[in-house]
Amino acid sequence: MINTKKFKGKMVEKGHTYKSLATKMKITGYTLGQKVSNKKKMTLEEANICAEELGVSDLEFKDIFLQN
């Protein structure tokens, strides 16, 4: 599960929107919203793209993308 609050915080910090980030992932903003809200699962590849675009460190990656 994704830590939605931390994910959204990183998006704001880096000036991204769902649409801008989703474009990098080759999905729609709507689909990204569902993944961030944990309604759909995000793949490891998608999480890695997000992490790269958001400048997420290894420790932050764990806190954001690997929540139970």
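Biologist: Leaving aside neighbours within four places in sequence, which residues is His 16 in contact with?

Modeller: This is a predicted model, in which local features need pLDDT of at least 70 and side-chain atom pairs pLDDT 80 or more, while totals for chains, interfaces and linings use all residues. Residues are numbered from 1 along each chain as its sequence is written, and side-chain values use heavy atoms, without hydrogens and water. With contact taken as heavy atoms within 4.5 Å, the partners of His 16 are Met 11, Leu 21, Glu 53 and Leu 54.

Biologist: Does His 16 count as buried or exposed?

Modeller: His 16 is found in the loop between α1 and α2 (helices are DSSP runs of H or I, at least four residues). Buried means under 20% relative accessible area, exposed over 50%, partly exposed in between (1.4 Å probe, protein chains only). At 17% relative accessibility, His 16 therefore counts as buried.

Biologist: Which residues of helix α1 (residues 4-14) are buried?

Modeller: Lys 5, Val 12 and Glu 13 are exposed, on the face of α1 turned away from its buried side. The buried side is covered by elements including α2, α3, α4 and α5. The buried residues themselves are Phe 7, Lys 10 and Met 11.

Biologist: What is the angle between the planes of Phe 7 and Phe 65?

Modeller: Phe 7 lies in helix α1 and Phe 65 in helix α5, so their pair ties together parts that are 58 residues apart in sequence. Rings of Phe, Tyr and Trp (its six-membered ring) pair if their centres lie within 6.5 Å; planes under 30 degrees apart are stacked, over 60 edge-to-face, the rest tilted. This pair is edge-to-face, with 5.9 Å centre to centre and a plane angle of 85°.

Definitions and conventions:
Helices (H or I, at least four residues) and strands (E, at least two) are DSSP runs, numbered from the N terminus.
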